[in-house]
Amino acid sequence: MKVLHIGIYSVALIALVGCGAMGSGDKRIDYRAGAGQVPSLEVPPDLTLPETDDRYKVAGGEGESVATYSAYAKGDATGSPRSTAAASAVLPVVAGVSLERNGTQRWLSVNARAENVWPLVKDFLRETGLNIQSEDQSAGLIETEWAENRAKIPQGGIRSVVGKVFDNLYSSGELDQYRIRLERVKEGASTEIYINHRGKEEMLDADKNTSKWQSRPNDPELEAELLQRLMVRLGGSPVQAAAAVTEGAGASMGAANLLEIFDGSSVIVINDAFDKSWRRVGLAIERAGLVVEDKDRAKGVYFLRSVKAEKGWMDKLQFWKDDEDASLRYRVNVKDGGASCEVGVTDQNGVSNDASKQRLQAIFKHINQ
């Protein structure tokens, strides 16, 4: 009888494994599986609903929803503007969005003002399962919390079945974090969106009994995947988004050279116009692991803040992450020279020193990536 039971259980387990294997998908990104779901608060019947912040609500008539940004911009049929106090049930998409490339660099060009794009990007991150750790709308910067990409966990048959009950037993040993930067262009009429990835991986210590998290190189494929999904979320065609990611490298980048000038300081000379140079410098700053605190495109300045030193073999290569005063600030100056631009780094007082020179070298290392 026991043999019969064992046989029945074995057949049932094999069937479950087979079903699990058949149902496994081929996703490259899955952060929602590991994201904590916070239940919505229920308001007792004897209390009124709390007031909410109306700054990021999309205007619309009462009981209506706005499906497109163009419909929102036109207002109602009478031509009168919609009330900003009325809430829309659906966040709008923008009128036009495209994925641009320059060499290996990618970004989204959105035909809408940054104020309208900002809440859409935040909503997209939440839908993707990425919680926001910090944000600064005036600077156009968003940083997500560290998250595990559950799509990287091998999806075998046993994993598919057991993971439904004991999913926390499985881990990819990697964490991802994203920094999103919004840039105003064309006098604020349109917006460029950049996504930069940072990674960590869990490594065993020498004793093989303990582990620690160490930095790993950024993953351009994850950046491209998120840009593609965001393009679709903003109203772009899924086919066009996929084609934009896989098509050629686009326009070639002008040469960049690191030069030492007469006073002993250094500058980077980029053979590109200001728009391209500004974009390249911004991406190089992020890829170097430097933190942008604010920026002023009109004056060509990125404001950097110092970062806390981290432990790990990758961080040893990032020599600017020392024990310096965290209150120190630095400026990356992009000077428009017409056909070329000159890039320099100084401290907050406009002085070039060893620390600023190290940051300039780190930017130059990534300027052509």
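**Exercise 1. Describe how helices H3 and H5 pack in this predicted model.**

Step 1. Start with the axes. Those of H3 (residues 114–128) and H5 (residues 220–233) come within 11 Å and cross at roughly 120°.

Step 2. Classify the angle. Roughly perpendicular covers 65 to 115 degrees, and roughly antiparallel begins over 145. H3 and H5 are therefore oblique to each other.

Step 3. Assign the hand. The H3 and H5 crossing is right-handed.

Step 4. List the residues in contact. H3 supplies Val121, Asp123, Phe124, Glu127 and Thr128. H5 supplies Leu226, Arg229, Leu230 and Arg233.

Step 5. Sort them by class. The H3 contact with H5 has four nonpolar residues, four charged residues and one polar residue.

**Exercise 2. State the confidence of the chain, then find where confidence is lowest and highest.**

Step 1. Take the average. The chain has a mean pLDDT of 73, and 63% of the residues score at least 70.

Step 2. Helix H2 (residues 69–74) is lowest, with a mean of 42. H3 is highest, at 95.

Step 3. Residues 1–26 have a pLDDT below 50, with eight contacts in the model beyond near neighbours in sequence. Residues 161–166 are also below 50, and that stretch has six such contacts.

**Exercise 3. Work out the strand order of the six-stranded sheet and identify its edges.**

Step 1. Write the order. The sheet is open and runs E8-E9-E13-E12-E11-E10, with antiparallel pairing.

Step 2. Pick the edges. Strand E8 (256–260) and strand E10 (291–296) each pair on one side only.

Step 3. Neighbouring strands are turned by 25° against each other on average, direction ignored.

**Exercise 4. Trace the strand pairings through their bridges, using E8 with E9, E9 with E13, and E10 with E11.**

Step 1. Take E8 and E9. They are antiparallel and share five bridges. Ala256 has Ile270 of E9 as its bridge partner. Five residues lie between the strands of this hairpin, where Gly264 has a positive phi near 95°.

Step 2. Move to E9 (residues 266–270) and E13 (residues 341–347). Three bridges join these antiparallel strands. Ile268 is partnered by Val343 of E13.

Step 3. Go to the other hairpin. E10 and E11 pair antiparallel over five bridges. Val292 has Leu304 of E11 as its partner. Four residues lie between these strands, and Gly300 has a positive phi near 70°.

**Exercise 5. Which strands do helices H7 and H9 lie across, and at what angles do they run?**

Step 1. Helix H7 lies across E8, E9, E10, E11 (301–305), E12 (329–336) and E13. The angle between H7 and E12 is about 155°.

Step 2. Helix H9 lies across E8, E9, E12 and E13. The angle between H9 and E13 is about 145°.

Definitions and conventions. Residues are numbered from 1 along each chain as its sequence is written. This is a predicted model: local features need pLDDT of at least 70, side-chain atom pairs count only at pLDDT 80 or more; totals for chains, interfaces and linings use all residues. Side-chain values use heavy atoms; hydrogens and water are left out. Axes are lines fitted to C-alpha atoms, for helices over the stretch in contact, and angles run from 0 to 180 degrees between N-to-C directions. Helices (H or I, at least four residues) and strands (E, at least two) are DSSP runs, numbered from the N terminus. Angles under 35 degrees count as roughly parallel, over 145 as roughly antiparallel, 65 to 115 as roughly perpendicular and the rest as oblique. A crossing is left-handed if the near helix is turned anticlockwise from the far one by less than a right angle, and right-handed if clockwise. Contact means heavy atoms within 4.5 Å. Ala, Val, Leu, Ile, Met, Phe, Trp, Tyr, Cys and Pro count as nonpolar, Asp, Glu, Lys and Arg as charged, and the others, Gly among them, as polar. pLDDT is the predictor's confidence in each residue, from 0 to 100. Two strands pair if DSSP finds at least two bridges between them.
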